[in-house]
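Keep the structure open beside you, try each task, and then read on.

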Amino acid sequence: MATNNGLVYLIALPLFGALALLLLGRKADKWGHLLATAMSAGSFAVGLIQLSQMLDREAELRPVTQKLFTWISVGSFNVDASLLLDQLSICFVLLITGVGTLIHIYSISYMSHDKDRRRFFAYLNLFIAAMLLLVLGDSYLNLYVGWEGVGLASYLLIGFWNQKPAYATASKKAFVMNRIGDMGLSFAIMIAFATLGTVSFSGVKEHSHHASEAAMTAIGVMLLVAAVGKSAQFPLQAWLGDAMAGPTPVSALIHAATMVTAGVYLIVRSNFVFDAAPTAQLLVVIVGAITLLFGAIIGMAKDDIKKALAASTMSQIGYMILASGLGPAGYAFAIMHLLTHGFFKAGMFLGAGSVMHGMNDEVNMRKYGGLRKFMPITFVTFGLGYLAIIGVPPFAGFYSKDMIIETALNAGGAKGIILGSVTLLGAAITAFYMTRVMILTFTSPKRWDDNQHPHESPALMWIPMVILSIGSVISGYLLYRGKAFKHWLEPLFEEHGEHTELLPPIVVSGLALTMVAIGVAIAVIKYQLSEIDNVAPEKVSIFTRIARRDLLQDDVNEALFMRPGQAITSALVKIDDSVVDGAVRGVGKMALGSGSALRETQTGFVRSYAVLILIGAAALIAAIWVVTT
Amino acid sequence: MEPLLTIQTPETVLFWFLAPLSVLASLGMLLVKKAVHSALLLAWVMVTLAIFYIAQGALFLGIVQVVVYTGAVMMLFLFILMLVGVDSSDSLTETITGLRPIAITAAVGFGGLMVSLLGRATLGREPVGLDAANGPGNVQGLAALLFSKYVWPFEVISALLITAAVGAMVLAHHQRTTPRPTQREQSVNRFRSDSLAGAAGLPGPGVFARHNAVDVPALLPDGTPAPSSISATLKARGDVIDSAQFQLDNVDTSVVEEK
Amino acid sequence: MSLDNYLYLSAILFTIGAVGVVVRRNAIVVFMCIELMLNAANLSLVTFSRINGTLDGQVVAFFTMVVAACEVVVGLAIIVTIYRSRRSASIDDASLLKR
Amino acid sequence: MNILSFLMLLPLIGTAFIALAPKTNVLLTKQIALVTTILVALVGIYMTISFDFNAKGFQFVESREWIPAFGIKYALGVDGIALVLILMSVLLTPIVVVAGWNESEGGRWSSKVFYSLLLVLETMMIGVFASTDVFLFYVFFEAMLVPVYFLIGGFGSGDRAAAAVKFLLYSLFGGLLMLASIIGIYVMATRYGNRTFDITTLSQLHTVLTPMMENVLFLGFFIAFAIKAPLWPLHTWLPDAAKSATPGTSVLLLGVLDKVGTFGMIRYCLTLFPEASKTFTPMIITLAVISILYGAFLAIGAKDIKRLIAYTSISHFGFITMGIFAMTSQGMSGSTLYMFNHGFSTAALFLVAGFMITRRNSSTISDFGGLQRVTPIMAWSFFIAGLSSLALPGLSSFVSEFLVLVGTFTRYPVAAVIATFGIVLAALYILIPVQRALHGPTTPGNENLSDLTLREKIAIAPVIATIVVLGFYPSPLLNIINPASQTIISQQGFSDPAPTMSEGK
């Protein structure tokens, strides 16, 4: 594989930005955001150069690597710090740096009133660097560094306003739940090393053909655990909703466009593992399907605009995971949906941020309404994103989601039918709750107090929104056209035969659009054509209540892990003090006690000692008497 | 085989006469209240033993026993008894609970076992007697041993003796921590003490009493006896005579104040 | 008569002495009882000397006497010292070792 | 003069100078101590540079007769493992001196005593890692307790006397068992014709020992090291000692002294008793795994920041022990690297905790709060130290912890899997205090805390720099460690398990 010494700059630039801003401290307050944005943009530029170079090469020669140094080398465990840029990672590089740069620009204005803006930009740059390391690492261990690095950046950014205890808790929750996923990645690496003797992508790929299926399944399942944690999939999804505590640009960048999709990247990157482990692949599909519906259902019940979008993110990633579990047929569509989703979801989050910006940081959609007139740009950009996500042609989401539904239906047998139905149902629910968001925010009558003065955001904020909305309009078609994207990624995957088509594509599209129409129609009837309270109605069905409680995810986690964990902790603290240390102190006390007990025999009276001597002498004589008998 | 040693009748008689006496004396030593009596009984036991030594051919030891023990050691005892003598009689009631029965049981066990052990034990040969060993004379024989075979223990023991003598002197020596009060200081102190009662010194015994003797407490002006007028030694011995018997029948103790 | 009788006598005296050490509280009497025990031992030493026909036993008895004398001197000095400080010759009063 | 002896002599010379310094001039005392420790550190670095990475066996060897009657020698020498630990000790000591510049004041005795004890301790720390004579090792092992005892008991806080006594008695108990084993070894060695305490000679002894004998002797050593390390359930002295000691002393206590335990396991338990080590490995691995989880849980439940750090260390020592007895090159090298890294990350935690405690006069976590807004630099230092403790990739602890896990997994997958749960708990036990102390609203009384002074920054910066640099570039240390750990593993008759990659599908 060709080497390219330019790869390191992709990471080095934002890393430098982060370090400079953090180390310089207040000195960099004035220009810190500019430096960070420049670094991010610079990285994007490097990415573009790399892309153009890559386009010039033959498909087989496109991947390039760069070895930086030997990182860990012990016995047969050799891991180099080296980077790999291939067709898959370049997509991510451009998404991360591109969307990242836009969000940097957006944040300059969005965070302009925060006195810690420099720190915010430092974290953003740190995130960009870590995320790039994640997608550029050429081995699972290198990926792991980025994997936890983005976790750290996410922790820092969710808790950016950590003076509020709830936000600090949310950040901690995110990190810890991510760590559970990271543990899965650790396991995967360990299993890979123990069974295959290597942890690099190429090494594992090489061995994947003749390794036992059991080993591959184990690795696959563990990778899935990792992906589940990072991508907020069932059952480790609970952190994403709380993660909305972070500033909105963070939600757009990390918790919508990039970091949460790392799980999809991991699964697609590990396609060789999953291809060799059908059981793991099946699990992937199941997880994706469950999360798809799970997120969608939560999305229907949320009144907090960011949480509704977060639930939608979860659901959309469910689509991607599901697609990536469908094998070579689905990988490309998973990534394609990931990219389009990156555009429209980031755009919508920025839109939500813009709405909040204009509404004094109000997030409850029931207190919005009629904002269309006050924030036309936001409305249009958000609306384009909305059309994209519900899958209206020719917007981006239509192509990518349609492909996934089609592939799911074509998965064959009962599996295909079930998955197809799930994805179709998901499309309908998506249409419903996204329409609900649109209506509640923009088109319904106003429900806000008169002391609110909604206004359009400054240009620095709406320009990125416009760019992203353009992306949400055209990206789908661009990628779909002539199966361009599928061919682009094809060299990375191994095609397994032809698939049977359950239904012709046009029928599938028709079905999907029908479902979307049903969803939209219900939402319109329910919200546009009827009165909406500005507080959430209390008298609702049990299902709604459960859905509002995020389908009890926190309750389950608390009951299953948190409470027992706390119980174990407090029990162990007590045990350590009373039993373990108690035993130690007991030995000491015993020594003291036996000392004072024995001291009682020392009465101080000479005569009692004399009696003892006498008894001793008598005993001695008795012993002689007995012995000589 | 002819036994090497035959015990002559006089010795048997002597033994059976003296042995019970010595046992009785030692038992008495245990039981009498006054230490002086114990000392005298012990002296008797020692003399008995000295006689036994001589009877057994240990002439030198017998003499030494009399001189050193009955003479020196017992004198020392008596001397100390005099010094400490004020409470030289002690009660025989036991103060440490359960000590006496345990002690007696242990002692009876010890003695019984010892005696029965001695009764069972045999030397495996007949007693030899000291006629041969005492050939050149008992003192000469002992001297020969002491200055040859036992010369080293002998030297050590002499060192021990000297050390003990020095030790006793050191122990008995009383280092004053303050200068001895002079007579002047003592009288000053008497006058400056809390009351002037003792300023003139303690009253002498028998003064103002009909019976003018040291064992009779003096009577105070109000007719009550003054215990402080009797020597502490006499009081401890219980040799104080009640002064009430010498008291005048009717003493007019009323005092008319003179103008 | 057998020489054993001397030994019996010795044993009895020794035992009486031992009982005296334990039951009497007057330190001087206790000391006297110790002397009695030593004397009892001496008696058996002299008797063994006669049984064995050598004078070694007597030499040891002689040493015992010297040691006894030393012991009496030092012991009585101690008694005097104790008496001087606590105005008592009862050995139960000298029980400071307890604490 | 041999460089090791020179290294040991230097602090003693410093002590002599301190002894000559006037009692009133505290500053001079501190300066002497600082200069001495820096000199020692420089010599230590020089020694590391001149170490031959590729050669096997001990280097910088020195051997003199000490007590010829028993074959006891003053014998020094280092392999890669010992070298790394000595390097860590000599690097940490000047940092401790700078960070705890005022620690010596307010103790029971004068500053002169404090720094004399510290320097003597440094000599012994070097000696204990450098000895190649079992008896000499034992002497250092026990003698080290004395300065630490006085450092805790004389200059600590709170219930310092009780903690010091607990520490001393606990360690002496272990030492006694070890002494019994050492005598046992000597007797056995004499029986087979070698009147010596030389480690290399004694390492051949196991070939003639009966299994029973070897097991008993092994246990004597192991229990002593397990107390020192400390391994569950012999750990309870550590939280008390760490809580009562000054932060600087705690750094040396947890960072260096406790490493003697794990170092001893490698150097003595494994080398002298390979068969017994194998016999007891399942038990030890179990205890190590328990330590990992137990320490982590207790750290989560800890309310005092120093106790918390002590409990995290128990968890980390569990990892180290597990790696050692996994008997793979990854485990062994990982453990040794872990020892080094743990020294620095614990030092960072303790020093920053010390800075926090001096400012607030309390070590209870709930007394802090919102420090990130008030004292950003201190908060960041604590945060980075904490991240290192939870083994975030990119920081040094990750490399070692992952090596240990991978190394263990190849031989004892179940233990490694259970131990890995420790990393989730690690996230909790670090992030909970971080949230309580650094995040949230600023608690009353903390509004005016001052941020780190220049001296404190100078102390903490090299530690954090080491943590970060070694996280990305651990190769220099690994190159030193690898040959040594390879040698030990091959001595044990082990080789790394080959990938199981079974054929056929």
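## Exercise 1: Chain D

In chain D, 81% of the contacts with a separation of 6 or more are between residues 24 or more positions apart. Please bear in mind throughout that this is a predicted model.

**Task.** Find out how many helices and strands chain D has, and work out how its radius of gyration relates to the globule rule.

**Solution.** 
1. Begin with the elements: chain D has 20 helices and 2 strands.
2. Next comes the rule. For 505 residues the globule rule gives 23 Å, and the radius of gyration of chain D is 22 Å, which is close to that value, so chain D is as compact as a globular protein of that length.
3. Now look at the extent: along the principal axes, the C-alpha atoms fill a box of roughly 70 × 70 × 40 Å.
4. Finish with burial: 65% of the 505 residues in chain D are buried.

## Exercise 2: Chain C

**Task.** Describe the pattern of elements in chain C, and decide whether the chain is compact or spread out.

**Solution.** 
1. Chain C has 3 helices and 0 strands, and along the sequence these give the pattern α-α-α.
2. The radius of gyration of chain C is 16 Å, whereas the globule rule gives 13 Å for 99 residues; the value is well over the rule, so chain C is more spread out than a compact globule.
3. The C-alpha trace of chain C spans about 50 × 25 × 20 Å along its principal axes.
4. Of its 99 residues, 61% count as buried.
5. Residues 24 or more positions apart make up 49% of the contacts in chain C with a separation of 6 or more.

**Task.** Which residues of chain C does the UniProt annotation "transmembrane region" cover, and what is the helix content over residues 6-23 and 60-83?

**Solution.** 
1. According to the unreviewed UniProt entry, the annotation covers residues 6-23, 28-48 and 60-83 of chain C.
2. Over residues 6-23 the chain is 100% helix and 0% strand, with the end C-alpha atoms 26 Å apart.
3. Over residues 60-83 the chain is also 100% helix and 0% strand, and here the end C-alpha atoms are 33 Å apart.

## Exercise 3: Who touches whom?

**Solution.** 
1. There are 4 pairs of chains that touch, and the most contacts are between chains B and C.
2. Their contact takes 68 residues from chain B and 62 residues from chain C.
3. On the chain B side, the elements that give two or more residues include α1 (9-31), α2 (35-55) and α3 (59-84).
4. That side of chain B divides into 53 nonpolar, 12 polar and 3 charged residues.
5. Turn to chains C and A: their contact takes 9 residues from chain C and 9 residues from chain A. The chain C side there has 6 nonpolar, 1 polar and 2 charged residues.
6. Finally, check the pairs that do not touch. The nearest C-alpha atoms of chain B and chain D are 35 Å apart, and those of chain C and chain D are 24 Å apart.

## Exercise 4: A hairpin in chain A

**Task.** Work out how strands β2(A) and β3(A) are joined, and look at the turn between them.

**Solution.** 
1. Strand β2 (residues 64-74) of chain A runs antiparallel to β3(A), and 9 bridges join the two.
2. Strand β3 (residues 77-85) of chain A is mostly covered, since 7 of its 9 residues are buried.

Conventions
Residues numbered from 1 in each chain as written. Chains lettered and ligands numbered in written order. Predicted model: local features only at pLDDT ≥ 70, side-chain atom pairs only at ≥ 80, totals over all residues. Contact = placed C-beta atoms within 7 Å. Nonpolar A, V, L, I, M, F, W, Y, C, P; charged D, E, K, R; others polar. Helix = DSSP H or I, 4+ residues; strand = E, 2+ residues; numbered from the N terminus. Rg over C-alpha atoms; globule rule 2.2 N^0.38 Å. Buried ≥ 20, exposed ≤ 12 C-beta atoms within 10 Å, placed from the backbone. UniProt positions renumbered as here; feature names shortened; annotations may be inferred. Pairing = 2+ DSSP bridges.
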